[in-house]
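This report describes the fold of one protein and then turns to selected local features. The sequence and structure are shown first.

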Amino acid sequence: MVNFAELQAFPEFSTEENLQECFNYVLDLVKKGGEVIVEGFTKTKLVKTKEFAADLVTEYDQKVEDIIIEGIRVKYPNHKFIAEESAAKNPLGHQPTWIIDPIDGTTNFVHSNPLIAISVALAVDKKLLMAICFNPMHSELYTAVKGRGAYLNGDRIHCSPTTELKHSVIAVEVSIAWVERFRDDVIGRTLALSSKAIGIRSLGTIVLTLCYVARGSIDAYQMEYLQPWDIAAGALLIQEAGGIVQNHRGGPYDIMEAKVLVAGTQELYDEMLAVNRECEGKTITFT
């Protein structure tokens, strides 16, 4: 549960009522951002490229981020931000910090694919405290507060109890293989898993994939080469849904490192970790 004694330095979280007020306030901002996404979903978008050709951004990404950040600043002016479009390089400190991805799955959004989500997490003293993930196109609202469980539209959700790869549906984000230096890792792991799991899925959105692990629709998922806003909210959702969130090479999850292997059970995590180690350093040759 939330330890309010540890939060006394931050009056906005020091009581049950204050914490709930903060959660509800930011949830309303996220829903307003969702309205912007719905409005722009079928419209022609101004699309720009960031680091590489498959890394896209639109004017709607910035609009949604502005709604959330500016809204939080009005009520909580001392809070910090780590956000994809405008506050990407800020460090994670002890102050309350909002970790925001305004539209995860921008390529899906550009192609009018409804698998997209807003992702917002709050870290206090470098620990995740709350998470909100919202797919406005499907009206799916995923929420979690540390120690209180994970929810989809107000109903409690749980990770899958599956313990073996041979009974699992596994997610792998193969689109990252577009980047040559990542290709062998991603394709090699996908090939290895395809012979061990009953199904492989690639959704084009990290946030929703993590949410699907939290709700038990996907049994395990690994992703690396990421940023904090890709994972933070989904990580807390999975933890609160009873799942495992650790580093993709074993060891604890680091919010700023953003390399994770998540699974519904420890047994499945361990089996996935063995596959990672089996594939590590291998070069894929196509004939």
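## Basis and overall architecture

How many helices and strands are there in the protein? There are seven helices and 14 strands, where helices (H or I, at least four residues) and strands (E, at least two) are DSSP runs numbered from the N terminus.

The model is predicted, so local features need pLDDT of at least 70, side-chain atom pairs count only at pLDDT 80 or more, and totals for chains, interfaces and linings use all residues. Residues are numbered from 1 along each chain as its sequence is written, and side-chain values use heavy atoms, with hydrogens and water left out.

## Dimensions, burial and surface

The C-alpha trace spans about 60 × 45 × 35 Å along its principal axes.

Of the 287 residues, 56% are buried (buried means under 20% relative accessible area, exposed over 50%, partly exposed in between, with a 1.4 Å probe and protein chains only). Among contacts (heavy atoms within 4.5 Å) between residues at least 6 apart in sequence, 62% join residues at least 24 apart.

Strand E12 comprises residues 220-223, and all are buried. Ala220 and Gln222 point one way from the strand, while Tyr221 and Met223 point the other way.

E12 pairs in the parallel sense with strand E10 (residues 169-172) over three bridges; two strands pair if DSSP finds at least two bridges between them. With strand E14 (residues 260-263), E12 pairs in the antiparallel sense over four bridges. Ala220 takes part on both sides: Ile170 stands opposite Ala220, and Ala220 stands opposite Ala263 in E14.

## Residues with positive phi

Most residues other than glycine have a negative phi. Lys126, which is not a glycine, has a positive phi of about 65°. Lys126 lies in the loop between strand E5 (117-124) and strand E6 (127-135), and counts as partly exposed because its relative accessibility is 44%.

Ala258 is likewise not a glycine and has a positive phi of about 55°. The loop that holds Ala258 runs between strand E13 (244-247) and E14. Ala258 counts as buried because its relative accessibility is 0%.
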